[in-house]
Amino acid sequence: MKTVLVFKTSVTTSSKIQKVKPLLDKLMASGEKWNFDLEDCDNILRVEAISLQPDAIIQNLQNAGFICAELAD
């Protein structure tokens, strides 16, 4: 069953999305997907995943120089 994970980020532009795209794509299994909502004030990253852990996403974005924090439901 897929889980939806939602994160507040400091990714604010399409060019920044392109910077993190390879990192996020590498974490995703087949059928999993992610997208950003840059029109939201929290620059939301939404991930639909089966087995991916929030810490892996947070760590990868932080390593790339971005702020990333999971939001509660």
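Reader: How much accessible surface does the chain have, and what share of it belongs to carbon and sulfur atoms?
Author: Happy to start there, with the reminder that this is a predicted model. The accessible surface of the chain comes to about 4600 Å². The share that belongs to carbon and sulfur atoms is 51%.

Reader: What is the order of helices and strands along the sequence?
Author: The chain has 2 helices and 4 strands to arrange. Read from one end of the sequence to the other, they follow the pattern β-α-β-β-α-β.

Reader: How does the radius of gyration sit against the globule rule for 73 residues?
Author: For 73 residues the globule rule gives 11 Å. The chain is as compact as a globular protein of that length, because its radius of gyration is close to that value, at 11 Å.

Reader: Is Thr9 buried or exposed?
Author: Thr9 belongs to strand S1, which covers residues 3-9. Buried means under 20% relative accessible area. Thr9 has a relative accessibility of 6%, so it counts as buried.

Reader: Which backbone nitrogen does the side chain of Thr9 reach?
Author: Beyond four places in sequence, Thr9 has contacts that include Phe36, Asp42 and Cys68. Its side chain also reaches a backbone nitrogen at 3.2 Å, that of Val11.

Reader: What kind of aromatic pair do Trp34 and Phe36 make?
Author: The structure holds 1 aromatic pair. The ring centres of Trp34 and Phe36 are 5.8 Å apart. Planes over 60 degrees apart count as edge-to-face. The planes here stand at 80°, so the pair is edge-to-face.

Methods: Residues are numbered from 1 along each chain as its sequence is written. This is a predicted model: local features need pLDDT of at least 70, side-chain atom pairs count only at pLDDT 80 or more; totals for chains, interfaces and linings use all residues. Side-chain values use heavy atoms; hydrogens and water are left out. Buried means under 20% relative accessible area, exposed over 50%, partly exposed in between (1.4 Å probe, protein chains only). A polar contact is a pair of N or O atoms within 3.5 Å; within protein, one must be able to donate a hydrogen and the other to accept it, and residues adjacent in sequence count only if both atoms are side-chain atoms. Contact means heavy atoms within 4.5 Å. Rings of Phe, Tyr and Trp (its six-membered ring) pair if their centres lie within 6.5 Å; planes under 30 degrees apart count as stacked, over 60 as edge-to-face and the rest as tilted. The radius of gyration is taken over C-alpha atoms; the globule rule is 2.2 Å times the number of residues to the power 0.38. Accessible areas come from the Shrake-Rupley method with a 1.4 Å probe; for residues, only the protein chains shown count as cover.
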